[in-house]
Amino acid sequence: MDMLKLPDSISAETLCRLANGNTLVAGFSFVLISFSLLFQLIRPFFRLTKQPPIVLEIMVGLFLGNVGFMVEYLNLFSSHTFAAISEIGMSCYALVLGINFDVTLLGHTPPEAIVAYTGILSTVLVAATTAVPLIHFGFDHDMKDTASFGFILALSLTVAGTSSPVLTQLFTEANFSRSDIGKLVTGAGIYTELTTMILLGIISFFRNNEIDNKKPAIIGASVSFVSTVLVLYCLYKMLPLLANWMQKNNPKGKPMRGIDVILLVGSMSSMCLFLPAILGFSQAMTSFVIGLCFPRKGRLTYVLLRTLNQLLRLFFFPIYFCWIGTNIRSYKDLKSESYKYIFVKLFFLYVIILSGKILGALISGVILGFHWPIAVAIGLFLNVKGPFHIFIATFAVENEFMGAGSFLVFLLHAVLSISVIPYIMKFVIQMAQMEPTHPLMALQWFDSNSELRMLVGIHGHQNVPTTINLMEISRGSGSPCISVYLTDLIEMNDKQSAVFIPDYQEDDCPSSAAAADANVTMADESVVNMRDQITNMILTYVQKSGGGVNVHRLLAISKFSNMHQDIYNLAEAVQASLIILPYHRNQRKDGKMGNIHHGFRHVNRKVFRHPPCSVAVLLDRGFGKALAEESCMKLQVAVLFIGGKDDREALAYATRITQHSGVDLTAVRFLQDEEKAASRAKRTMSNHARALEELELSLDNEYFANFYENQVALRKVGYLEKHVASGKEIVSVLKSLEEQHALFIAGRGGRGGRVNSFLDAGIGDSEECPDLGPIGEILADSDFSTTASVLIIQQHFREEVKKDEYKILPV
């Protein structure tokens with residue numbers, strides 16, 4: 001019997017007509033299986049290069065799309081079939097993007113937004129200015145409408161975009177997202193992609209209406225705009241109602257009802273299919289808009305995102321990348337003369353986009369205070385392109401806006417932009433590890449043989465006498481010298497500038513204050529006169545003090561909202577171990593405290609949060625009345641010790657001032673009553689809290705024992721020991737000491753500064769001034785005293801950084 005023979009040659013078009021649904025399923029299954037097997041086979045070797053998986057996915061797709069038998073097999077299907085499937089996949093991708101984005105972010109301008117907007121603006125400007133000459137000198141000059149403003153703007157926005165999902169995935173896989181720069185770049189990537197996608201949607205809307213609308217331009221644009229706004233408003237209102245109704249019908253813990261799943265899939269599919277004709281957007285852009293209107297939280301959103309991500313990863317992306325590889329093989333102009341310029345185009349494109357991104361990152365670095373290597377790294381991070389950008393380039397080729405050679409250049413650029421990310425992350429991590437670890441700038445660990453540096457803030461000439469006496473007792477024996485950086489804290493107004501940091505030398509003496517002032521030009525004469533008066537008073541004290549104190553004059557003029565940052569910068573610049581600020585209330589003539597200066601109160605609170613060294617606040621009740629140069633001066637000082645790192649810091653400062661012959665110090669230690677301690681030991685506590693309290697108690701006992709041995713035992717310091725059962729008893733003891741002492745020194749406590757806070761538990765519930773802590777609030781109360789000044793100290797602390805939480809950006 002004769003065998004049935006097929007013709008020797010059958011066209012691809014004939015085979016496509018013979019193909020049915022089973023053929024398509026079998027074909028796609030073969031493509032997916034081949035893709036998966038090759039991906040898993042190469043992946044172990046690919047990991048050695050530290051490259052992310054998406055690079056391997058693109059390369060596997062390009063390889064399969066150019067293998068001989070796979071090309072013939074894929075040619076059995078119409079290219080329109082692959083194009084339709086790819087567009088559906090990109091619509092799902094855009095829908096996921098829209099759901100993950102919060103459009104209300106555009107109403108805020110955090111540092112991430114500043115980085116994103118400067119990067120977009122600079123890249124668009126660089127790309128737009130270079131696009132016309134490149135097109136004129138042979139880059140796709142034969143394509144249609146490439147010199148129009150709309151095309152150049154759309155092209156510039158496309159290359160200015162960032163693939164935030166790819167960037168987030170890369171950071172998460174490398175544990176880089178927990179670092180401060182990782183968080184900043186991730187947020188900037190979201191702002192960048194959200195902004196560029198919205199702008200591209202607006203451009204495509206007006207361009208489609210310009211091409212398709214046959215009515216007069218103004219009338220057609222107005223009608224289209226009004227209809228689009230109405231549809232978007234309906235989507236914004238109706239989609240949350242639909243989602244909330246479905247979520248109420250499908251509570252957590254129960255499987256979702258089949259009818260609701262069908263309704264969800266059907267409604268979303270219908271909107272993605274039919275709304276493009278109404279909105280004037282493409283299918284992918286319409287899906288993005290629908291995603292922006294869809295609720296971002298809830299069980300329904302989680303199920304939808306999980307399903308779409310699985311479809312993209314397992315089905316759409318493999319088909320899409322293989323289709324791209326097949327298209328590249330079929331492009332005819334790759335075999336033409338323009339093929340030899342592929343790498344030239346790639347070089348120019350990469351340099352242009354990278355220049356724009358790095359320029360924007362450098363500008364944002366100047367605004368936010370980043371170092372230039374970190375700004376360059378941020379620009380390289382934000383240069384990442386992803387599947388959606390490749391899809392836009394594919395769309396441009398299909399519509400003859402871009403040649404195949406330029407598409408290949410853009411594809412290679414996308415792969416290159418992703419490939420360099422692991423090496424940039426490694427560079428940033430090395431910089432973080434090389435970043436010098438600043439020591440704890442606290443008096444407890446300060447070397448007594450080293451020069452003590454203090455930054456003392458003043459509000460005006462009324463603080464100068466107090467500051468002089470403070471410098472006098474702080475210098476101790478006068479050997480070694482102390483350096484005091486006297487800083488005028490002035491609120492910025494229209495007559496003044498921002499911040500001035502004089503250029504001083506290490507060996508500057510008090511006389512250098514005038515030289516420092518010479519470098520500062522002030523427009524406000526009142527500020528100039530005030531600073532001159534303060535400088536003269538300080539010079540007079542230094543000349544009579546006999547040495548031991550070096551005074552440097554600094555100036556900080558800024559708004560109260562930013563003044564704390566200026567104080568931080570100055571303290572870091574001079575490597576201060578202690579910052580001393582005036583209290584925000586001055587004493588009246590009747591002895592009571594005056595009105596609250598809310599601006600400086602706000603500054604003091606912020607300085608306490610993340611200072612670069614220890615911080616103290618001085619409340620003046622006549623501390624500056626006694627002249628520091630009088631040898632008969634005897635200052636009665638009491639240092640209070642309950643326990644905790646802040647009290648240890650207060651004790652360290654008190655130890656230093658005992659070296660001054662005019663200081664008579666008494667150490668007052670508060671211990672818990674034995675009966676109260678026994679009942680407290682029985683109280684249920686977590687293991688961590690108990691271990692922390694025991695550690696602090698051992699540190700307190702060790703440090704105070706050393707103080708007792710070196711100071712009290714040698715009769716350099718007086719000592720009182722008070723056993724108390726509650727905070728009220730502490731108040732009683734303090735009131736009994738009030739008349740005997742002119743200055744009280746205490747630790748701030750609170751917020752970890754005093755772990756065993758059982759003694760001050762009942763005295764800090766109604767704090768009017770939380771920046772002084774519970775004990776400081778009692779000492780600062782006008783009913784407590786009208787003659788005793790108070791110095792409240794907080795020890796410098798460093799936040800513990802967990803593994804992979806790199807700290808490299810300025811605070």
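Reply: A cavity is a set of grid points where a 1.4 Å probe fits but cannot get out, and its lining residues have an atom within 4 Å of a point. Please note that this is a predicted model.

Me: How many cavities of 30 Å³ or more does that give?
Reply: The count comes to two cavities of 30 Å³ or more.

Me: Take the second largest cavity. How much space lies in it?
Reply: The second largest cavity holds about 60 Å³.

Me: And which residues line it?
Reply: The lining of the second largest cavity consists of L157, T158, G161, T162, E193, T196, M197, L200, F388, H389 and I392. Two or more of these residues are given by each of α7 (149-160), α9 (180-212) and α16 (387-398).

Me: Which element has the largest share of that lining?
Reply: That is α9, with four residues.

Me: What is S163 in contact with, leaving aside neighbours within four places in sequence?
Reply: S163 is then in contact with Y93, E193, V384, K385, G386, P387 and H389. Of these, E193 and H389 also belong to the lining of the second largest cavity.

Me: Back to α16. How does it pack with α17?
Reply: Helix α17 covers residues 404-419, and its axis lies 10 Å from that of α16, at an angle of about 180°. Angles over 145 degrees count as roughly antiparallel, and α16 and α17 are therefore roughly antiparallel to each other.

Me: Which residues make the contact?
Reply: From α16 they are H389, I390, A393, T394 and V397, and from α17 they are F407, F410, L411 and A414. Seven of the residues in this contact are nonpolar and two are polar, with no charged residue.

Me: Next pair: at what angle do α19 and α24 cross?
Reply: The axes of α19 (residues 464-474) and α24 (residues 645-657) cross at roughly 80° and come within 7 Å. That makes α19 roughly perpendicular to α24.

Me: Which residues meet there?
Reply: L470, I473 and S474 of α19 meet Y653, R656 and I657 of α24. This contact divides into four nonpolar residues, one polar and one charged.

Me: Changing topic to the backbone: what is the phi of Q575, and where is the residue placed?
Reply: Q575 has a positive phi, near 60°, and is a residue other than glycine. Its place is in the loop between α22 (563-574) and β5 (578-582). At 54% relative accessibility, Q575 counts as exposed.

Me: What about R715?
Reply: R715 is not a glycine, yet it has a positive phi of about 60°. R715 lies in the loop between α26 (687-712) and β9 (718-724). Its relative accessibility is 78%, so R715 counts as exposed.

Me: Finally, the whole protein. How many helices and strands, and what percentage of residues counts as buried?
Reply: The protein has 28 helices and eleven strands. Of its 811 residues, 52% count as buried. Among contacts with a separation of 6 or more, 83% are between residues 24 or more positions apart.

Technical notes
Residues numbered from 1 in each chain as written. Predicted model: local features only at pLDDT ≥ 70, side-chain atom pairs only at ≥ 80, totals over all residues. Heavy atoms only, no water. 1 Å grid on protein atoms, 1.4 Å probe; cavity = no way out; pocket = protein on both sides within 12 Å on 5 of 7 lines; lining within 4 Å. Points joined across faces, edges and corners; volume = space filled by probe spheres on them. Axes fitted to C-alpha atoms, helices over the stretch in contact; angles between N-to-C directions. Parallel < 35°, antiparallel > 145°, perpendicular 65-115°, else oblique. Contact = heavy atoms within 4.5 Å. Nonpolar A, V, L, I, M, F, W, Y, C, P; charged D, E, K, R; others polar. Buried < 20%, exposed > 50% of the residue type's maximum accessible area, 1.4 Å probe, protein only.
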